[in-house]
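Student: Could you take me through one part of this model closely, starting with a pair of packed helices and then moving on to what else is worth a look?

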Amino acid sequence: MGGVLSIIPILCNQRQDHNRPSPPIDELLMYNKWKSNDLLYEYVKSKRQRLQNREMGHTQRLIAKYSSCKFPGCKCKGGTFTGIERDNFGWINSICTRSGCNHQLSDHIEHLRDASTVEFTVLMKLIFDIINTKLTLKNVSKKPKSERNILLKFIFELVYNVLHKSVLIDPFTLPNIDTIYGSPPFERTNIEQVLLNFCVHIFNDNNILELENALIVTKFVLKYFDTWMWNIPQELLKYNSQEYSKSYNYYYRRFLLHCCLPRCIHSISLRYRPTKIFGQDVLKYTLKAFRIQLQVWCYKKNILWEEHTKLFCLNYFPIYMDLLEKEVFNDKSPIWDINYKLRERKTNILEY
């Protein structure tokens, strides 16, 4: 359902962040489970695993290319080396050809001498992600100038700058991309809580739809919102910009950065669930388009459901969404109240 991120990445691995505290597990997209079923993630991971030996001349040259020269007084921010790859000794004695440097490769990788295995792994993630990002930018630049490609290129450029700065200043610590668009979660009451509040507010003690059934539909909606590729700003249905605190374009960039790019740039962030980090603005922007696309997908594409689940959701989904739209576009609705809690005995139905 929806689109996919158009990227041809290489070189990365599973993230181990030694810089920032990890977010709560329930904010992450299926935590680590999504990785085992994500072909793009596995492809990137497999390409990187063969380049882990710090004794290899090729690896040393690669690190030196993105590392500043440690020779006293030298201002070179990345080595360029020529010569024949014959052995480690040959590479170590290669001379940097950058103007003002002319120092040996060993001066560019001096910081590896006392680096631990963990620190070395972090450094390799950064370097491989820089290469991956640079190649992806090159590929995106060759594609038609569509709005999606322009936004994607813009986000990759921001990430590339953060990665490159990080490997020069603090090579053994994973970068903090929260400096770009802030730290998740971005809105006070997230989409998941909003939908739970909606269930209690509308379906508790009424005859339209029993609360238990409403919660089952909520679980279904949340699951597919988290895997849905948002419409690009140009494709979004008409809206009044005065009703929102930030533009959809801004939220879309945050979505690409925190929910999409971690599939192929593993050192920048954990992969977040959109329903855990976005709230009122995003739900108002996307609900109508999401409903249309999900309903079409349900009827035409989904052949893997169990029959009773399919019939259940299709019967109740239109009722649920009609009522939800009325509440979402009512700014005074109690569904936006972060303290409007669902009873504890009901929350387990939303566990994936």
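Tutor: Helix H3 (residues 57-65) packs on helix H6 (residues 117-142) at an angle of about 70 degrees, and their axes are 10 Å apart. Helices here are DSSP runs of H or I with at least four residues, numbered from the N terminus. Axes are lines fitted to C-alpha atoms over the stretch in contact, with angles from 0 to 180 degrees between N-to-C directions. H3 and H6 are therefore roughly perpendicular to each other, a label for angles of 65 to 115 degrees; under 35 is roughly parallel, over 145 roughly antiparallel, and the rest oblique. H3 brings Thr59, Leu62 and Ile63 to the contact, while H6 brings Phe120, Leu123, Met124, Ile127, Phe128 and Ile131; contact means heavy atoms within 4.5 Å. Eight of these residues are nonpolar, one is polar and none is charged. In this scheme Ala, Val, Leu, Ile, Met, Phe, Trp, Tyr, Cys and Pro are nonpolar, Asp, Glu, Lys and Arg are charged, and the others, Gly among them, are polar.

A word on the source: this is a predicted model, where local features need pLDDT of at least 70 and side-chain atom pairs count only at pLDDT 80 or more, while totals for chains, interfaces and linings use all residues. Residues are numbered from 1 along each chain as its sequence is written, and side-chain values use heavy atoms, with hydrogens and water left out.

Now for a second pair. Helix H7 (residues 147-169) and helix H11 (residues 248-260) pack at about 60 degrees, with axes 10 Å apart, and are therefore oblique to each other. From H7, Glu147, Arg148, Leu151, Leu152, Phe154, Ile155 and Val159 meet Asn249, Tyr252, Arg253, Leu256 and Leu257 of H11. This contact divides into eight nonpolar, one polar and three charged residues.

Two backbone details deserve a stop as well. Most residues other than glycine have a negative phi, and most peptide bonds are trans. Asparagine 102, though not a glycine, has a positive phi of about 60 degrees, and asparagine 102 sits in the loop between helix H4 (88-92) and helix H5 (105-108). The peptide bond from proline 184 to proline 185 is cis, with omega near -5 degrees. Proline 185 belongs to the loop between helix H8 (178-181) and H9.

Methods
Helices (H or I, at least four residues) and strands (E, at least two) are DSSP runs, numbered from the N terminus.
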